[in-house]
Amino acid sequence: MRLNEKVALILGAAGKDNMGQTIARRLAAEGCKVVVGGRHMDELEALAKELDGAAAQVDVTCKAEVDAAADLAVSRFGKLDIGVNATGWGLLKPTHETSEADLDKILAIQFKGPFFFIQAMLRTMGRGGSIIQISSATATIMLDNHAAYMGTKAGIDHVIRTVANEYGVQGIRANSISPGLTETPMAGSTFDYPELVHAFEREYPLGRIGTREDIAAGVVWLASDECFMTGQNLQINGGLTLRRNPSLTELGEIAAKATAHLTS
């Protein structure tokens, strides 16, 4: 019960068993009151009922909805101590094929939306709290055909640093967490092909792909009063950034072999 009597808002928790939901369940298990937000109310309301929390319909790209979710946490539970933004869009497209519409969408989801979220946390937390942004190892290391995703994740990581610097005087901590490949809806069909997973797995010094539970454990520490850290990016990815992600050529060869095997 390391977070007993704290109150948290977790955005990006509307996908069944996704990272946001895993984080929400772990925070609740640690004694936290949770408000879960996202775009699909049926799933959110079921999760909120399970955790004795509250649900808010939130499109992270809409400032009014983000603000309303923060206000709901305060009105329902009296305060807001922890904010976790786990939203994202896993755009995979070559740089020269990335359209203006693609850029508008990913900037809204992965830069403007997180910025709105940070603003809402600063407005409602008052004197003390923990802001946690779920980033990506690819904000540091390369993955082919991922430029817009990587750039927006890296950009909001730097915003987190500025917030830590400016608002530490108010007792507010701001940090981000960078997972590597994780089995979530954003990973698409990758985990349907063991050969693809193994290509990533062998680049992890600790010998396995990270899990949603690994990230939730990091969130618990960042959210706890034991955490004397701000403005940092936690690389909770088994040492992946010491090595690399597989190249597009390597992944293409593996996928071709797997497809040929399935059709033979």
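Author: Let us begin with how helices are named: a helix is a DSSP run of H or I with at least four residues, and helices are numbered from the N terminus. In this model, which is predicted, N165 lies in helix α5, made up of residues 147-167.

Reader: How many helices and strands does the protein chain have?

Author: The secondary structure of the protein chain comes to 8 helices and 7 strands. The radius of gyration is 18 Å, close to the 18 Å that the globule rule gives for 264 residues, so the chain is as compact as a globular protein of that length. Along the principal axes, the C-alpha atoms fill a box of roughly 60 × 35 × 35 Å. Of the 264 residues, 51% count as buried, and the accessible surface comes to about 12300 Å², with 53% of it belonging to carbon and sulfur atoms.

Reader: What share of the contacts between residues at least 6 apart in sequence join residues at least 24 apart?

Author: For this protein chain the share is 71%. Not counting residues up to four places away in sequence, A55 touches V36, M41, L44, E45, A48 and L72. For one of these, M41, the C-alpha to C-alpha distance from A55 is 7.4 Å, at a separation of 14 residues in sequence.

Reader: Where does Q21 lie, and is Q21 buried or exposed?

Author: Q21 lies in helix α1, which covers residues 19-29. Since buried means under 20% relative accessible area, Q21 is buried, because its relative accessible area is 1%. Leaving aside neighbours within four places in sequence, Q21 is in contact with A13, A14, G15, K16, E43 and L47.

Reader: Which residues form the aromatic pair, and how are their planes placed?

Author: Pairs of this kind are read from ring centres and ring planes, and here the count comes to 1 aromatic pair. The pair is formed by F111 and F115 and is tilted, with 6.2 Å from centre to centre and 40° between the planes. F111 and F115 are 4 residues apart in helix α4 (residues 100-125), so they are separated by about one helical turn. F111 is partly exposed at a relative accessible area of 28%, and F115 is partly exposed at 33%.

Reader: What should I note about the backbone of D17 and of N145?

Author: The angle to read is phi. D17 has a positive phi of about 60° although it is not a glycine, and N145 likewise has a positive phi of about 60° without being a glycine. The place of D17 is in the loop between β1 (7-11) and α1, whereas N145 lies in the loop between β5 (129-134) and α5. D17 is partly exposed, with a relative accessible area of 34%, and N145 counts as partly exposed at 25% relative accessibility.

Reader: How far apart are the mean positions of the positive and negative charges?

Author: The chain has 25 positive and 31 negative charges, and their mean positions are 4 Å apart.

Key. Residues are numbered from 1 along each chain as its sequence is written. This is a predicted model: local features need pLDDT of at least 70, side-chain atom pairs count only at pLDDT 80 or more; totals for chains, interfaces and linings use all residues. Side-chain values use heavy atoms; hydrogens and water are left out. Helices (H or I, at least four residues) and strands (E, at least two) are DSSP runs, numbered from the N terminus. The radius of gyration is taken over C-alpha atoms; the globule rule is 2.2 Å times the number of residues to the power 0.38. Buried means under 20% relative accessible area, exposed over 50%, partly exposed in between (1.4 Å probe, protein chains only). Contact means heavy atoms within 4.5 Å. Accessible areas come from the Shrake-Rupley method with a 1.4 Å probe; for residues, only the protein chains shown count as cover. Lys and Arg count as positive and Asp and Glu as negative; His and the chain ends are not counted. The place of a charge is taken as NZ of Lys, CZ of Arg, CG of Asp or CD of Glu. Rings of Phe, Tyr and Trp (its six-membered ring) pair if their centres lie within 6.5 Å; planes under 30 degrees apart count as stacked, over 60 as edge-to-face and the rest as tilted.
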